[in-house]
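Please read them with the structure open.

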Amino acid sequence: MLSILLFALAIDARVEQLLSRMTLEEKLGQLTQIVETQLPNDLAGSMLHSGGAAHINELQRPRKVPLLIGYDVIHGYRTIFPIPLAIASSWNPHLAELSARAGAREARAAGIRWTFAPMVDIARDARWGRIAEGAGEDPVLGSAMAAAYVRGFQSEPGFLACAKHYAAYGAAEAGRDYNTVEMSERTLREVYLPPFQAAIDAGAATLMSAFDSVNGVPATANRHLLDDVLRNEWKFKGFVVSDWDAVAELMKHGVASSKQDAAIKAITAGVDMDMWDNSYSTLAAAVREGRLPQSVVDRAVRRVLREKFIAKLFDDPFTPETTPPALDRDAARRVAQQSIVLLKNDRDLLPLPKSGRKIAVVGPLADSKEDMLGPWSAQGKAEDVVTPLEAIGTHVSIEDADIIVAIFGESREMSGEAASRSSIELPGDQQKLLESLVATGKPVVLVVMSGRPLAISWAAEHIPAIVQAWFLGTEAGHALADVLFGDVNPSAKLPVTVPRTTGQVPIYYAHLPTGRPPDPEDKYTSKYLDVPIGPLYPFGFGLSYTKFEYSDIRVDGCRTAALGGQHGRRGRRPHTCFKVSANVRNTGSRAGEEIVQMYIADPVASVSRPVKELKAFQRIALQPGETKRVTFTIARHDLEFWSDKGWIAEPGEFKVWIGPSSASGLQSTLTF
Ligand code: BGC
């Protein structure tokens with residue numbers, strides 16, 4: 001403890017000393033991030049999208065204050081891991097951590113010291129292409145993943161993470177990227193902010209402000225988010241970088257009259273570093289003419305320098321010019337294996353036999369190396385990718401085949417940034433092609449590769465086996481083959497609701513009740529005329545090659561010292577808490593892993609509460625016939641919601657479930 005305090009004091013002293021020797025222009029340089037080709041760049045404090053140890057060393061050599069080199073290491077740098085939505089399907093934060101550590105190690109060896117990741121935006125509308133980059137629709141799963149990524153990235157010495165995009169960027173109206181967000185403070189606090197707080201609690205050094213406006217105030221000039229919540233409530237000590245051009249875009253949002261006006265608003269609200277648009281260069285005149293206090297500039301410079309000192313950039317700005325690390329194929333394959341969700345498996349069509357049957361591997365994604373990389377691929381190379389066709393290694397024609405594996409879905413450009421779709425059905429003529437495969441009468445296994453859940457209602461009805469494989473990265477083909485042939489028993493579960501049709505989105509399991517819950521017998525209830533109300537596949541759902549049976553749910557009271565919560569709030573007094581437990585038994589004939597989920601609901605409260613909320617989960621391994629008792633703790637903070645007085649828990653009865661998905665499980669009650 002004392003050594004941490006002394007370290008912090010020593011850093012503060014070094015920051016003050018340096019600050020006192022800097023000119024205003026040098027200070028503003030520290031708050032400016034550019035790409036290398038932007039000139040003049042000799043004062044800039046940070047560059048993005050550059051890499052290569054020798055090259056970065058060249059850039060560092062003439063600098064008085066070392067450059068902080070940033071890069072989008074989203075799901076790998078050279079070895080490409082599954083997209084974050086896929087990793088979230090593993091419900092295994094260790095894998096998120098492992099993938100982040102691998103990405104950081106490779107990037108660090110190329111002179112990069114900062115990644116613009118993790119993206120921790122909750123997304124409940126699959127039209128939004130950036131759903132691919134996050135952990136899906138749920139704040140508890142999202143928070144666990146956010147913290148794990150931060151730990152993984154920052155376990156690499158001198159490497160910084162950046163939780164983005166602060167905030168509510170994933171709630172863009174109509175799923176259209178960069179679009180406006182309107183939301184209640186309650187939804188913001190309960191759903192969209194917790195993963196940011198989790199990232200900060202895990203030590204995230206930086207945050208990126210978002211492109212969107214939140215209730216009319218652009219996130220990049222939003223004092224409520226950047227100051228009241230981030231600094232005053234959460235005590236965030238790192239720095240905030242804007243998103244690309246987002247400071248200048250305050251003019252287009254209609255809240256700034258000039259670049260200088262935009263820069264004043266952004267820095268005053270708490271955006272410390274300006275990405276790409278060079279708006280902060282206008283602040284020298286603003287300070288000299290008395291339109292911006294020098295102290296606001298100094299505050300931002302202190303925050304940036306502090307992180308540079310913590311990253312030991314001053315002590316060690318150079319990168320050894322050695323051979324870059326070899327691809328980490330083992331790690332990429334392991335992570336990908338646990339990211340593949342089995343959605344349907346009629347009559348145990350899967351796993352496929354390893355011999356004796358002729359298997360055709362077809363479809364637009366069967367052999368597409370580029371697409372396996374997903375929307376962000378940093379320095380990943382298509383030639384390193386193993387495709388499903390290569391891994392399965394057969395070239396039989398469809399006429400000769402006994403079984404067809406159809407690898408359909410989206411190209412990598414169809415998800416990620418600026419890749420919203422108004423229809424999330426299979427693109428192009430894939431639906432027709434799929435129908436013609438089914439018309440051959442041969443058994444078809446559909447593998448969906450995509451950056452978002454696709455509305456595959458027809459397939460769900462007509463195809464016996466369906467696998468959601470997302471974009472799996474460098475080892476896509478091997479990992480998929482491992483699952484299809486049963487070397488690996490699938491264990492992943494959906495981190496998002498899969499809709500039946502685009503018209504259902506936004507759709508998510510933790511919705512509020514309505515006064516007229518859907519009733520097929522009663523027209524005047526909340527539903528559609530043309531499609532059932534429920535999802536095609538619910539949040540938390542995923543099959544295995546074995547079966548798990550749940551029994552004997554029990555709730556016990558307990559008294560304990562206060563526990564940290566998913567919101568990161570810590571009570572000072574002992575609180576009442578509960579233990580809820582159930583047995584899970586592997587009733588099949590294979591070993592398998594099950595993701596056991598615990599949900600609660602507050603059926604009568606002073607405000608409407610979600611019909612169900614995930615509170616915790618555990619991944620357990622079970623041998624055939626084995627039973628484990630799984631126990632979760634429910635603390636006061638699990639029962640709380642956001643009110644106009646802050647977080648409160650109201651006395652009364654709560655429902656609690658332990659189960660295999662958001663749509664099934666054993667139910668009990670507890671009284672708080
Ligand atoms: C994206 C960010 C990204 C940045 C730098 C922006 O367009 O929104 O997520 O980190 O570019 O590449």
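**Notes on the predicted model**

1. In helix H8, the buried residues are Pro194, Pro195, Phe196, Gln197, Ala198, Ala199 and Ile200. Buried means under 20% relative accessible area, exposed over 50%, and partly exposed in between, with a 1.4 Å probe and protein chains only. Helices (H or I, at least four residues) and strands (E, at least two) are DSSP runs, numbered from the N terminus. Seven of the eight residues of H8 (residues 194–201) are buried, so this helix is largely enclosed by the rest of the structure.

2. On the basis of these notes: this is a predicted model, in which local features need pLDDT of at least 70 and side-chain atom pairs count only at pLDDT 80 or more, while totals for chains, interfaces and linings use all residues. Residues are numbered from 1 along each chain as its sequence is written, and side-chain values use heavy atoms, with hydrogens and water left out.

3. The cover over the buried residues of H8 includes helix H6 (139–154), strand E5 (162–166), helix H7 (185–192), strand E6 (206–209) and H9. After H8 comes glycine 203, with a positive phi near 105 degrees. In H7, the buried residues are Leu188, Arg189, Glu190, Val191 and Tyr192. Their cover includes H6, H8, H9, strand E21 (641–643) and strand E22 (646–648).

4. Leucine 230 sits in helix H9 (residues 223–233). Is this residue buried or exposed? Leucine 230 counts as buried, at 0% relative accessibility. Leaving aside neighbours within four places in sequence, leucine 230 is in contact (heavy atoms within 4.5 Å) with Tyr166, Ile200, Leu207, Leu225, Lys235, Phe236 and Val240. The C-alpha atoms of leucine 230 and valine 240 are separated by 10.0 Å, the two residues being ten apart along the chain.

5. Serine 279 is placed in the loop between strand E10 (274–275) and helix H12 (283–288). Its relative accessible area is 0%, so serine 279 is buried. With neighbours within four places in sequence left aside, serine 279 is in contact with Val247, Ala248, Lys259, Ala263 and Asp274. Asparagine 278 is found in the loop between E10 and H12, but at 29% relative accessibility asparagine 278 counts as partly exposed.

6. Some backbone values deserve a look. Most residues other than glycine have a negative phi, and most peptide bonds are trans. Asparagine 278 has a positive phi, near 55 degrees. Arginine 347 is not a glycine, yet has a positive phi of about 50 degrees; arginine 347 lies in the loop between strand E11 (341–345) and strand E12 (359–362) and, at 77% relative accessibility, counts as exposed. The peptide bond from tyrosine 166 to alanine 167 is cis, with omega near 5 degrees, and alanine 167 lies in the loop between E5 and H7. Valine 505 and proline 506 are also joined by a cis peptide bond, with omega about -5 degrees. Proline 506 is in the loop between H19 and strand E16 (548–560).

7. How do the helices H14 and H19 pack, and at what angle? Helix H14 (residues 329–337) and helix H19 (residues 476–484) pack at about 45 degrees, with their axes 8 Å apart. Axes are lines fitted to C-alpha atoms, for helices over the stretch in contact, and angles run from 0 to 180 degrees between N-to-C directions. The two helices are therefore oblique to each other; angles under 35 degrees count as roughly parallel, over 145 as roughly antiparallel, 65 to 115 as roughly perpendicular and the rest as oblique. Arg333, Ala336 and Gln337 in H14 meet His478, Ala479, Asp482 and Val483 in H19.

8. Tryptophan 91 and phenylalanine 617 are one of 19 aromatic pairs. Rings of Phe, Tyr and Trp (its six-membered ring) pair if their centres lie within 6.5 Å; planes under 30 degrees apart count as stacked, over 60 as edge-to-face and the rest as tilted. This pair is edge-to-face, at 5.2 Å centre to centre and 85 degrees between the planes. Tryptophan 91 is in the loop between helix H4 (84–89) and helix H5 (93–109) and phenylalanine 617 in strand E19 (residues 613–622), so the pair ties together parts 526 residues apart in sequence. Ring pairs link Trp91, Tyr509, Phe539, Tyr599 and Phe617 into a cluster.
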